[in-house]
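Student: Please take me through this structure by question and answer. I have not seen it before.

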Amino acid sequence: MSLGATGRSSTLGGSINQTELQERRRALRALLKRPLLGAHDPAFPLVRRHLDWLREWLSRNASWRLQVDGQMARLHKTPASPDDATRPAREPKSGEPFSRRRYVFWCLVLAALERADRQIALGRLADNLVQFAAADPALAEAGLVVDLEQRIQRRDLVHVVRLLLDLRILSRVEGHEDAYVSARGDVLYDIHRPGLAALLSVRRGPSLVTAEAAEARRAAIIEEPMPESAEGRNRRVRSYLTRKLLDDPVVYYEDLDGDQRAYLQSQRYALTSQIEEATGLVAEVRAEGLAMVDDRGDLTDVGLPEEGTDGHVALLVAEYLASHLARGPNQALTRASTPPVSRAQLEAHVAELIETYGKRWRQDARAPGAETLLVAQTLTRLEDLGLVDLGDGGIVPLPALGRFSLVEPARSESV
């Protein structure tokens, strides 16, 4: 009887612990995917339930701050590399990345919403945007002219608004954005002020920064002072590596400085184990670096492979570029050991692929000159995934692309 009772209690305790672990993972994954999480999100109750654990884990491992109230959860993430351009803001429905002008509109729209009442019409928002732009001579000096009489600029404004709708900063009361784009109507929105106030994620308010150069100002608003001690330096390195492993598809040793590389090599197991247990991501370790792999796929903003023409082209191009990878003297794949592939060479290869597979692809992929657009789209995706470097010298396949190379199957000798 005692053995049976003890065994039952142990099993029940293990079940409870496993349930708690899965809930924490769901909450953390939800925050990593959507750092601004509204109360409407199914994961929001889990975030509140495990708030203490989430705050402690995020602060200790990534030095990120988590703000939660009854209406929303805001994970204040500072990227490991602020100059990383592979994660642009995107229009939620189409996935189209923001252009330079849309980023300007984004900032001007947020300024207009900050000064607005509880509701605002899209036409009024556009008028405020034009006024703010006219009052800033730096925009004209940079060659950016705001003219919302142009349909393309109204479309840019609508893409900004749709991202705000997706973030629940705005909620549509009446009308539709398509009518505004075609100059046939207006749209009315409610403004969610708590979300708007939490949207800016900085360490110092921009108004407190005295630097004038853009790069210096950006560095100042995200600067994270830490003690210049051995413990402070280790925390800085640990936070940087944790952020990279949570956010980046691949972390290459050759991209790290000496301290970061030494820390990762000595603390790799402890670091990856913490992330694996907290998120469910799986560490994939290679001679050139490592990655935290998302087997479920719901944390991936840009995926490979995907279905359809674009996914098929991406896989075939990845396979072709992987065949050009070369090993260095230490038998590791490196940028320096791999010669670049010219864009013309890749376009010629994709033209051959169109001849072979075009009948199975969508119609515009078979149009004359389609290889140029297909190559451009595919390279953008591969670069975002850390699989290629794009520069003036050509396309350099990166080591992680090796997982897409084809290898002749080994044939066993019959006995």
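Student: Is the crossing of α4 and α5 left-handed or right-handed?

Tutor: This is a predicted model, where local features need pLDDT of at least 70 and side-chain atom pairs count only at pLDDT 80 or more, while totals for chains, interfaces and linings use all residues. Residues are numbered from 1 along each chain as its sequence is written, and side-chain values use heavy atoms, without hydrogens and water. A crossing is left-handed if the near helix is turned anticlockwise from the far one by less than a right angle, and right-handed if clockwise. By that rule, the crossing of α4 and α5 is right-handed.

Student: At roughly what angle do the axes of α4 and α5 cross?

Tutor: Axes are lines fitted to C-alpha atoms, for helices over the stretch in contact, and angles run from 0 to 180 degrees between N-to-C directions. The axes of α4 and α5 come within 9 Å, and their crossing angle is roughly 110°. Angles under 35 degrees count as roughly parallel, over 145 as roughly antiparallel, 65 to 115 as roughly perpendicular and the rest as oblique, so α4 is roughly perpendicular to α5. The angle asked for is roughly 110°.

Student: Which residues of α5 make the contact with α4?

Tutor: Contact means heavy atoms within 4.5 Å. From α4 come Phe-105, Leu-108, Val-109, Ala-111, Ala-112, Leu-113 and Arg-115.

Student: How far apart are the end C-alpha atoms of α4?

Tutor: Helices (H or I, at least four residues) and strands (E, at least two) are DSSP runs, numbered from the N terminus. The expected span of a helix is 1.5 Å times one less than its number of residues, so the 16 residues of α4 (residues 100-115) should span 22 Å. This agrees with the separation of the end C-alpha atoms, which is 24 Å.

Student: Which residues of α7 meet α5?

Tutor: α5 and α7 pack at about 115°, with axes 12 Å apart, so α5 is roughly perpendicular to α7. The crossing is right-handed. Leu-122, Leu-125, Ala-126 and Leu-129 of α5 meet, in α7, Leu-157, Val-158 and Val-161.

Student: Where is Ser-171, and what is its relative accessibility?

Tutor: Ser-171 lies in strand β5 (residues 170-174). Leaving out residues up to four places away in sequence, Ser-171 touches Leu-165, Leu-188, Tyr-189 and Asp-190. Ser-171 counts as partly exposed because its relative accessibility is 35%.

Student: How far apart are the C-alpha atoms of Arg-236 and Ala-278?

Tutor: Arg-236 is in helix α11 (residues 230-247) and is partly exposed, with a relative accessible area of 33%. Arg-236 and Ala-278 are 42 residues apart along the chain, and their C-alpha atoms are separated by 20 Å.

Student: What percentage of the residues in the chain is buried?

Tutor: The chain has 15 helices and eleven strands. Of its 415 residues, the buried ones make up 41%.

How values were computed:
Buried means under 20% relative accessible area, exposed over 50%, partly exposed in between (1.4 Å probe, protein chains only).
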